[in-house]
Amino acid sequence: MREALRGLTTRGRSFLAAAAAAAVSAVILGEKDLLRVAILLAILPLLAAAYVGRSRYRLACSRSLEPHRAPVGASARVVLRLQNMSRLPTGTLLLEDRLPYALGSRPRVVLERLGARQASSVAYTVRADVRGKYEVGPLVVRLTDPFGLCELTRSFPSVDRLTVIPQVHPLPNVRLAGEYAGAGDSRARSVAVHGEDDAATREYRRGDDLRRVHWKSTARTGELMVRREEQPWESRATVVLDTRQFAHRGEGPTASFEWAVSAAASIAVHLRQAGYKLRLVTDTGIDAEAAEGGEGILLDHLADVRLDKRGDVGQLVEAVRKRSDGGLVIALLGALTSAESELLAGLRGNNATCVAFLIDSSTWLNLPPESRIEAGRAHGAAALGLMRSGWRVVGVSHGAKLPALWPQAARGSQGFAWRATMAETVGIGPAEGRRGPVRGTQ
């Protein structure tokens with residue numbers, strides 16, 4: 001009751017002040033009728049406080065999100081269900097759900113009255129243009145009496161989480177020739193080209209039995225190789241996301257990093273639906289595999305991934321190789337130096353097929369002509385360095401659409417015209433650029 005009295009509105013306090021003034025006047029003037037008015041004026045806000053205070057503790061609230069995981073730019077529906085658990089009707093209820101700034105302003109909904117044991121549902125929509133994980137709630141309910149003499153606030157502690165995932169683009173179906181599938185055509189091709197022994201070997205790992213060393217493959221590759229104990233029978237793919245802060249340009253939802261995150265999500269969903277056993281790796285420590293039956297865990301990681309000032313290509317390569325057994329590697333890469341391109345060549349071991357979507361992040365900036373030419377040369381040198389080591393390279397510039405670029409991932413090379421153009425950019429003549437293997441420049 002004491003807390004309810006503290007909830008008296010300005011109108012309720014005015015009634016009490018008027019009652020006190022009327023009571024003093026009645027005593028001074030000796031008017032009993034005026035005293036009755038004073039008593040009436042005092043009783044009304046007290047009854048309102050008692051009424052609101054009783055209703056305050058007999059409300060139940062639940063919230064549901066439809067869906068819990070929504071892509072950037074899409075809307076999610078929030079449904080609030082409020083039930084009056086008491087035998088008395090409530091007064092006017094003002095509902096306010098607390099939201100983070102990214103989801104918009106706080107919604108306010110008015111319920112005029114809830115009868116005894118009655119329940120009512122209200123809904124509103126939220127929309128986020130920035131990916132992330134957001135808390136919806138807690139719900140704040142303001143209860144008032146019909147005369148507006150008392151108002152109390154109740155906060156329900158329950159909070160729901162809305163995950164805003166990157167935008168996923170549908171990709172055309174293309175055959176990614178070269179990926180390892182134990183029971184499919186890729187295995188037949190690998191055995192036909194390299195022989196059964198080579199198809200059943202992998203790089204030596206600490207703790208492997210030295211009696212399993214395959215000397216023929218070791219001599220051919222220059223690295224210690226061992227026989228596999230068991231040949232996998234499923235297609236495997238690793239999606240690699242470059243999160244180095246200095247490798248990306250632009251700000252907000254249109255930055256080059258957001259393009260890479262959206263591309264990683266689109267590729268992950270596409271490959272998962274094609275039956276791949278999928279893995280996501282970043283240089284910030286994320287190393288996750290798609291749970292059986294869906295790719296939700298990968299999308300949740302991508303919803304929260306951020307740029308890292310301490311990112312390093314060497315760490316990225318080590319993270320991929322730590323659990324890699326070949327298969328398909330698709331990397332979303334920002335700006336690279338020639339030395340970093342050489343580090344990425346290490347992922348080509350163990351018969352892995354590597355595809356790089358190499359983002360020219362300088363195209364996200366307005367650069368003067370001289371700086372643009374220099375940035376183009378650096379981008380071309382990085383692309384040539386990757387191609388020299390056997391990567392398939394797909395160039396990405398500002399405004400590029402992933403569905404249009406995706407078919408290039410299925411090609412063994414990007415075409416002589418593209419290779420020659422890149423060669424000329426970094427100072428190699430057209431004829432030399434068309435000869436293979438492509439040599440880098442100084």
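Which side chain does the side chain of S256 meet in a polar contact of 3.2 Å? The first legend gives the partner. The model is predicted, so local features need pLDDT of at least 70 and side-chain atom pairs count only at pLDDT 80 or more, while totals for chains, interfaces and linings use all residues. Residues are numbered from 1 along each chain as its sequence is written, and side-chain values use heavy atoms, with hydrogens and water left out.

View A. The partner is H248, with 3.2 Å between the two side chains. A polar contact is a pair of N or O atoms within 3.5 Å; within protein, one must be able to donate a hydrogen and the other to accept it, and residues adjacent in sequence count only if both atoms are side-chain atoms. With neighbours within four places in sequence left aside, S256 is in contact (heavy atoms within 4.5 Å) with H248, R249, I359, S361 and W364. S256 has 0% relative accessibility and therefore counts as buried. Buried means under 20% relative accessible area, exposed over 50%, and partly exposed in between (1.4 Å probe, protein chains only).

**View B. The aromatic pair of F357 and W406.** A search of the whole structure finds one such pair. The ring centres are 6.2 Å apart and the planes lie at 5°, so the pair is stacked. Rings of Phe, Tyr and Trp (its six-membered ring) pair if their centres lie within 6.5 Å; planes under 30 degrees apart count as stacked, over 60 as edge-to-face and the rest as tilted. F357 belongs to strand β17 (residues 353–359) and W406 to the loop between α12 (402–405) and α13 (416–425), so the pair ties together parts 49 residues apart in sequence. Helices (H or I, at least four residues) and strands (E, at least two) are DSSP runs, numbered from the N terminus. F357 is buried, at 0% relative accessibility, and W406 is buried at 0% as well.

**View C. The largest nonpolar core, of 42 residues.** Such a core is a set of buried Ala, Val, Leu, Ile, Met, Phe, Trp, Tyr and Cys residues joined through side-chain atoms within 4.5 Å. W259, I267, L271, L332, F357 and W406 touch the most other members. The largest share, 11 residues, comes from α7. Not counting residues up to four places away in sequence, I267 touches L171, V239, I330, L332, F357, L402 and W406.
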